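Subject: Handover of a structure and the findings on it

Dear colleague,

Please find the structure below, followed by an account of what was found in it.

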Amino acid sequence: MIRLAHALAVLGLVSPPLDGVLRASMAGHVLVQVPLLLLLGDRARGAVPARGADRLDPHGLASLAFAVGAVTFWMLPRSLDLAALSTPHALVMHATMLLAGLAWGLARQRLPFAVRGAVGILLTACLLAMGGFYASSTELVCGSYTLELQQEAGGAMLAAAPLLLAAVLWAMGRSLAALPATGRDAPGS
Amino acid sequence: MRQVRTGAALAILVAAGWAGGLGVWTLGFRAFSSYSAAVLGPGPLPRPAPVLDLVNHDGQRFSTGDLRGRWLLVTFMYGRCPGVCALAQARVARVREGLGDLVGRRIELLSVSFDGDPPELLHAMWQHHGAPAGWRMAVMADTGQAVLDRLRRFGVLVVPRPDGLYNHGTDLYLLDGAGRLIATFPADRVEATVAAIRATTG
């Protein structure tokens, strides 16, 4: 039942009309659609056999590299334009984001607490930097959105960054709280 | 131990794959936006720029080929543009001020409309900037897809929007006397642009 709901959520997110509505604005594309796809990918990590993941990527580094690489690639203004202007490329982006979320889900079960925290803080810093850049730029950076939409997305990124930081700190706090009891990092937080 | 080695090798492979892909996609980590990719796409600078057939703000036909022998600073705009063009043209005016008597003597400024604007509108825009000597407003003589194709070969990205308007780059394109595109400058860095043009054109 949960898997069905999960699959329906993915389908709804990448199909018209919701896909069109989200991709029409930069904030909807970058701050709603992409994070939700990453989250849904992360939630699907249970579908990957733990033994296989442990054998191939015991410390989660390859999964982390995949997730970081995928997000970096698709957050480039040029890549965003590609996905915003072409539905086939948008589908590739959606698939990559789901896989990146899955990879992060697998990685964070294996990575040490400090690395997970560093990734979260780095992500927050990137969001702040991108937000500041887009909000203050008087030049079009993305060819598929207007200057107003670009600046609006920048403002939304700046507003979202403290929320992301709060979520990262909460997850780190949870991991820290679990340390004395187990003597190890809490998995999956 | 073997698992650790496999994991590390896989991580290096994945990271190298993304780095390589990013390098290719960004044309050697130089083009992160569609606009910079459009500039670099037709080839490395300097390169021959395609000749633009134009109609000036007085209704006379000419081409950038007629202006050979002088430096040419070209920008692209259109009359219905809701804000970006006015801002960019105001910066061109500041660049013109910064270049002083070089404009008209060694350098010609050319603001090119790609939207079929009538010469009367271009004339009004030219007068709005004080009817400056050495700065022409012109419209491309091409129509339809030919406009976008020529702009693409020039290194300019123009994206038609669903509302009938366009998103487009506002960079300044510097051509030498042989009609080669030498450099591009972002419109929002006026002082740096003036200094670079002075240094380049001697």
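A salt bridge is taken here as a side-chain nitrogen of Lys or Arg within 4 Å of a carboxyl oxygen of Asp or Glu. By that rule, one salt bridge is counted between chain B and chain A.

The model is predicted, so local features need pLDDT of at least 70 and side-chain atom pairs count only at pLDDT 80 or more, while totals for chains, interfaces and linings use all residues. Residues are numbered from 1 along each chain as its sequence is written, chains are lettered from A and ligands numbered from 1 in the order in which they are written, and side-chain values use heavy atoms, with hydrogens and water left out.

The interface

In chain B, 29 residues are in contact (heavy atoms within 4.5 Å) with 32 residues of chain A. The buried area, meaning the accessible area (1.4 Å probe) that two parts lose on being put together, summed over both, is about 2,500 Å² between these chains, and carbon and sulfur atoms give 66% of it. Gln3(B), Trp18(B) and Trp25(B) supply 28% of the area that chain B buries against chain A, more than any other three residues.

The salt bridge between the chains

Arg91(B) pairs with Glu139(A), and their closest N and O atoms are 2.7 Å apart. Arg91(B) lies in helix H3 of chain B and Glu139(A) in the loop between helices H8 (113-136) and H9 (147-182) of chain A, so the pair joins two chains. Helices here are DSSP runs (H or I, at least four residues), numbered from the N terminus.

Other salt bridges

Over all chains, a search of the whole structure finds 14 salt bridges. One of them joins Arg108(A) to Asp42(A), with the closest N and O atoms 2.9 Å apart. This pair links distant parts of the chain, 66 residues apart: Arg108(A) is in helix H7 (residues 87-110) and Asp42(A) in helix H3 (residues 26-43) of chain A. Arg108(A) and Asp42(A) are both buried.

In chain B, the side chains of Asp163(B) and Arg161(B) meet in a salt bridge of 2.8 Å, N to O. Asp163(B) counts as partly exposed because its relative accessibility is 48%, whereas Arg161(B), at 18%, is buried. Salt bridges that share partners also join Asp42(A), Arg43(A), Arg45(A) and Arg108(A) into one network.

Yours sincerely

Key:
Buried means under 20% relative accessible area, exposed over 50%, partly exposed in between (1.4 Å probe, protein chains only).
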